[in-house]
Amino acid sequence: MFGKETFRNLKLVFLCLFWVSVPLSISLSQILGGAALLFYLISLFWENPRLPRLFLWGVCLYVWILISGIFQSELSIPSIKKIILKTEFGDLWMYLLIPAVASFSGGEKNKIKRWIYLAGIILVIAGTFSLFFPYRLSTYVMDGFKYIEGKRLPHLIGHLPVLGTGVFLPIGFQNTHLTYGGLLALFLPVLFSKNYRCAKIYFLLKGRQRFYFYFYSFVSLSGLVLLFFNQSRSVWLGLILSFGFYLYSEKKLKSIFTPKHLIRLTIASLLFLFLLAAFYQKNWLFKRSIDQLFAKQTLENQRLWIHKGNFNILKNNPFLGVGSGNYTKEFEASYVDLVERKPYLYYEISITPKSHAHHDFLHFLILGGILGGIFYLLIWWEILKLHSIQRKDLLFFLGIYSFWIAGFFQCYLLDDEVLFPFLCLVAMMLPNHSNTAKLKFAWERAFFLFLPLCISLFAIFWAVDTKEEHLFLHRARDRNNFPSPLAQKTINGSPQIWREGNENSFYFKWEGCLNQIASLTGKNKSREIPFRFQIRIDSEMLGESAPESYRLEIRERESFDQDKHFKAHGERVIRILEGKFHSGQNEFIFPSEETKDKQDLYFIDFGMEYIWKAGSKEKSLPVLQISENCD
């Protein structure tokens with residue numbers, strides 16, 4: 001009754017259901033995927049399948065980081081149990097999907113592909129719904145289709161121009177926009193491949209078949225819109241370069257770079273750049289995404305702190321690595337001495353994400369040392385070899401290569417919601433029989449593997465060479481807590497002309513310093529030196545445009561990690577000082593004794609209102625001089 005074919009069919013059914021559940025629930029997808037693996041293991045009583053080399057390299061990688069982790073931890077049952085179950089090593093079981101999926105025949109894989117198309121459609125529908133839904137879909141459904149007070153809300157990114165409906169960061173049923181962006185990277189090429197096949201035979205299509213073409217076109221374009229609103233820039237870059245990889249692999253670049261097409265390509269590129277520049281000027285969301293790449297004190301700045309820590313760890317553990325589960329501990333340890341020498345960096349380092357290296361290759365290099373990095377590269381070498389075999393369906397599997405590029409900015413392959421379908425899709429490329437055809441152009445695989453990696457590592461090495469003090473600034477804000485670019489330029493900068501408005505006063509506030517000398521070891525010290533800054537009124541430079549008087553606020557602000565607690569810092573004014581400026585250096589001192597009695601760690605910020613004489617035609621903002629530690 002229960003034989004070989006029964007368990008094989010059950011394995012196929014649960015794997016198809018697994019794909020449908022991927023866009024909906026990580027827990028459900030893991031249960032269904034686990035059931036498929038269970039039936040695969042049972043079927044081994046009748047089958048003796050080969051183990052793909054890709055699977056073997058994956059096992060080598062995870063076993064090695066386990067050995068390294070055990071070697072560098074206490075040899076006790078609780079610590080070993082923790083490493084096996086609650087660290088990166090715990091993802092090893094997912095690699096069983098590779099031989100399980102590889103055991104299917106070509107016809108069975110074609111059946112699975114239909115369910116992958118359906119999963120892509122569900123992902124786009126869920127993302128579209130979340131784009132306009134004011135609550136997070138996953139928690140809303142789990143809580144019985146109602147919102148419970150205090151639950152995290154989605155990020156509002158704007159309103160529709162005419163209707164005024166709120167537009168939110170699309171994340172579907174996922175927990176973060178990066179996870180949803182990663183799934184879009186995996187499924188969008190799948191949808192485009194379906195659309196492309198229909199387009200090639202468009203004039204042969206009739207009735208319902210043409211409807212399918214228009215339907216997949218609409219879903220694919222909707223996915224691109226969602227990808228833009230999702231703001232996963234690493235996925236943007238990954239898909240763009242993957243498309244170049246596809247054109248090269250299909251030998252279509254040769255026809256593009258003929259003299260005839262080169263002129264068209266140049267004109268099209270210039271037009272694209274012009275439209276991109278116009279879009280940058282008109283669309284605030286796209287402008288913010290680009291501006292954050294070059295601004296201080298953003299998530300990109302945090303990435304510099306992450307990579308500085310990464311290189312510090314690698315210097316100390318180049319051969320064996322730190323082992324599975326030890327990244328966070330080693331990251332914090334790498335910054336203890338720096339924060340002791342430069343305490344003003346404490347807050348910036350303490351809020352920097354430290355759960356992973358934000359770079360897939362670097363993360364496994366840190367965990368497993370040189371050998372771990374080699375195993376990881378061998379996994380991707382095998383994946384690109386499979387790309388060479390799957391010329392016919394290369395577009396279908398194109399999202400896989402995008403993770404090699406996107407993985408230079410985020411650790412997508414540490415995210416269970418992305419890793420599980422990623423491995424399953426990779427396994428779909430494995431041939432059903434031993435492929436004896438000679439694979440030429442191994443240098444092409446080396447090119448697409450090592451060139452992006454080398455560029456990524458060189459850029460990181462160049463960026464982390466930046467001195468710590470150049471990554472720190474006292475950020476200026478206006479009354480509504482929006483950045484104040486004009487005031488920012490005056491902080492340890494140069495005088496600025498204020499031409500906006502007819503008011504006789506200009507207000508801004510800036511981030512000060514902590515009320516204690518904080519340490520990553522938790523041993524904070526009382527601050528003995530006063531808070532101090534200077535404002536220089538240079539008559540020769542400013543003339544009659546200098547402000548006549550001021551209104552200074554001494555402010556107190558909380559110092560917890562806002563991203564971790566999902567709320568903004570509370571702040572209040574604790575003292576107000578008023579006075580007139582005099583020519584030359586105006587020094588302001590706030591004694592630290594007033595903060596010693598408080599045990600909580602918080603910021604002492606400042607708010608300044610410059611006041612000019614009534615009727616002043618020209619108004620200039622003077623230079624504000626303040627050290628990193630406000631001393």
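A search of the whole structure finds 16 salt bridges (a side-chain nitrogen of Lys or Arg within 4 Å of a carboxyl oxygen of Asp or Glu). The model is predicted, so local features need pLDDT of at least 70 and side-chain atom pairs count only at pLDDT 80 or more, while totals for chains, interfaces and linings use all residues. Residues are numbered from 1 along each chain as its sequence is written, and side-chain values use heavy atoms, with hydrogens and water left out.

User: Which residue forms a salt bridge with Glu 571?
Analyst: Side chains of opposite charge can pair when their charged atoms come close. Here the closest N and O atoms are 3.7 Å apart. The partner of Glu 571 is Arg 477.

User: How many residues apart are Glu 571 and Arg 477?
Analyst: Glu 571 is in strand 10 (residues 571–580) and Arg 477 in strand 3 (residues 476–477); strands (E, at least two residues) and helices (H or I, at least four) are DSSP runs, numbered from the N terminus. The pair links distant parts of the chain, and the separation is 94 residues.

User: Is Arg 477 buried or exposed?
Analyst: Buried means under 20% relative accessible area, exposed over 50%, and partly exposed in between (1.4 Å probe, protein chains only). Glu 571, at 24%, is partly exposed. Arg 477 has 9% relative accessibility, so Arg 477 counts as buried.

User: How far apart are the closest N and O atoms of Arg 532 and Glu 587?
Analyst: Arg 532 lies in strand 8 (residues 531–537) and Glu 587 in strand 11 (residues 584–590), so the pair ties together parts 55 residues apart in sequence. Arg 532 is partly exposed at 24%, and Glu 587 is partly exposed at 46%. Their closest N and O atoms are 3.1 Å apart.

User: How many bridges join strand 8 to strand 11?
Analyst: An open sheet of 3 strands has the order 11-8-14, with antiparallel pairing. Two strands pair if DSSP finds at least two bridges between them. For strand 8 and strand 11, which run antiparallel, the number of bridges is 7.
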